[in-house]
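Please prepare a short briefing on the two-chain model shown here. Keep it to what can be read from the coordinates, grouped by topic.

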Amino acid sequence: MTAAELYQMLRKVQEPKGYFFNQDRARTLDLLEGLLINKKRYGYMCCPCRLASGDRAKDADIICPCTYREPDVAEYGSCYCNLYVSQEWNQGQTPVVYVPERRPPEKMAF
Amino acid sequence: MSEPVKLYALSTCSHCKNTKKLLDELGVKYDVVEVDLCQGDERDRLVSEVKKYNPNCSFPTLLVGDKVIVGYREQDIKEALGL
């Protein structure tokens, strides 16, 4: 599957839930490419902006969409990677700030 | 002599790519290690190294001399570089 195909497939599922891809298409496709790379490496789509442990169970919270997407988009208008954003974020109505890592350090499997 | 600059990154991370791009645009000489491309003991060693500077072990983690910048924070990076 290509990043472009993944884009179309996910978009249909995620937009009705209120999660939109970053309108910066190149960046979005780059991140989706990262997901496909991690799928090949580890067997699951680990977040491209976090280091995978290789243990699916231990990384369950950072398999995209991660469990931190909801609170991050609610608070910052964007997930940690700037992959999923709110409509307001895409329309420039939300200040673009760096989304800090919400994952508790103790969750890290290494 | 300017301070040593070292970047711990992930090859799939867009914030890390933005950080590299910024450093390149600023003409900064730096070492970069992409931890996700390393395996086994090397990877474990790097993870504990990153944790010394950034307990969250998140990326990018940028060292400028003894200063640590976590995340793609353009202003903080420029300030740390004295630019």
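B:E49 lies in helix α2 of chain B, which covers residues 40–53. The model is a predicted one. With a relative accessible area of 14%, B:E49 is under the 20% cut-off and therefore counts as buried.

**B:E49 and its partners**

- The side chain of B:E49 is in polar contact with the side chain of B:R45, at 2.7 Å.
- A second polar contact, of 3.3 Å, links the side chain of B:E49 to that of B:K6.
- When neighbours within four places in sequence are left aside, the contacts of B:E49 are B:K6 and B:Y8.

**Helix α1 of chain B**

- Helix α1 of chain B runs over residues 14–25 and has 12 residues.
- From first C-alpha to last, this helix reaches 16 Å, close to the 16 Å expected at 1.5 Å a residue.
- The buried residues of α1(B) are B:S14, B:H15, B:C16, B:T19, B:K20, B:L22 and B:L23.
- Within chain B, these buried residues pack against β1 (5–9), β2 (31–34), β3 (61–64) and α3 (74–80).
- The buried residues of α1(B) also pack against α2 of chain A.
- After α1(B) comes B:G27, which has a positive phi near 70°.

**The interface of chain B and chain A**

- How is the size of an interface often given? The usual figure is the accessible area lost when the parts come together.
- For chain B and chain A, the area buried between them is about 1800 Å², with 52% of it on carbon and sulfur atoms.
- On the chain B side, B:T12, B:H15 and B:N56 lose the most area to chain A, together 33% of what that side buries.
- In terms of contacts, 23 residues of chain B meet 22 residues of chain A.
- Two salt bridges are found across the interface of chain B and chain A.
- A:D30 and B:K17 form a salt bridge, with their closest N and O atoms 2.8 Å apart.
- Between chain B and chain A, 10 residue pairs are in polar contact.
- Both α1 and α2 of chain B supply at least two residues each to the side of chain B that touches chain A.
- The largest share of that side, four residues, comes from α1(B).
- By residue type, the side of chain B that touches chain A has 10 nonpolar, eight polar and five charged residues.

- A:T28 is in helix α2 of chain A, which covers residues 25–42.
- Is A:T28 buried or exposed? A:T28 counts as buried because its relative accessibility is 0%.
- Apart from neighbours within four places in sequence, A:T28 contacts A:Y7, A:F21, A:N22 and A:L83.
- A:R41 also has its place in helix α2 of chain A, but A:R41 is partly exposed, at a relative accessible area of 31%.
- Which residues does A:R41 touch, not counting those up to four places away in sequence? They are B:S11, B:T12, B:D36 and B:L37.
- The side chain of A:R41 makes a polar contact of 2.9 Å with the side chain of B:D36.
- Within chain A, the side chain of A:R41 makes a polar contact of 3.1 Å with the side chain of A:N38.
- A:R41 and A:G54 are 13 residues apart along the chain, and their C-alpha atoms are separated by 8.4 Å.

**Backbone details in loops**

- In chain A, the peptide bond from A:C64 to A:P65 is cis, with omega near -5°.
- A:P65 belongs to the loop between α2 and α3 (69–76) of chain A.
- In chain B, a cis peptide bond joins B:F59 to B:P60, with omega about -5°.
- The loop between α2 and β3 of chain B holds B:P60, and B:C57 is found in the loop between α2 and β3 of chain B.
- B:C57 is not a glycine, yet its phi is positive, about 55°.
- B:C57 counts as buried because its relative accessibility is 3%.
- A:N82, a residue other than glycine, has a positive phi near 65°.
- A:N82 is placed in the loop between α3 and β2 (84–85) of chain A, and at 11% relative accessibility A:N82 counts as buried.

How values were computed. Residues are numbered from 1 along each chain as its sequence is written. Chains are lettered from A and ligands numbered from 1 in the order in which they are written. This is a predicted model: local features need pLDDT of at least 70, side-chain atom pairs count only at pLDDT 80 or more; totals for chains, interfaces and linings use all residues. Side-chain values use heavy atoms; hydrogens and water are left out. Buried means under 20% relative accessible area, exposed over 50%, partly exposed in between (1.4 Å probe, protein chains only). Contact means heavy atoms within 4.5 Å. A polar contact is a pair of N or O atoms within 3.5 Å; within protein, one must be able to donate a hydrogen and the other to accept it, and residues adjacent in sequence count only if both atoms are side-chain atoms. The expected span of a helix is 1.5 Å times one less than its number of residues. Buried area is the accessible area (1.4 Å probe) that two parts lose on being put together, summed over both. A salt bridge is a side-chain nitrogen of Lys or Arg within 4 Å of a carboxyl oxygen of Asp or Glu. Ala, Val, Leu, Ile, Met, Phe, Trp, Tyr, Cys and Pro count as nonpolar, Asp, Glu, Lys and Arg as charged, and the others, Gly among them, as polar.
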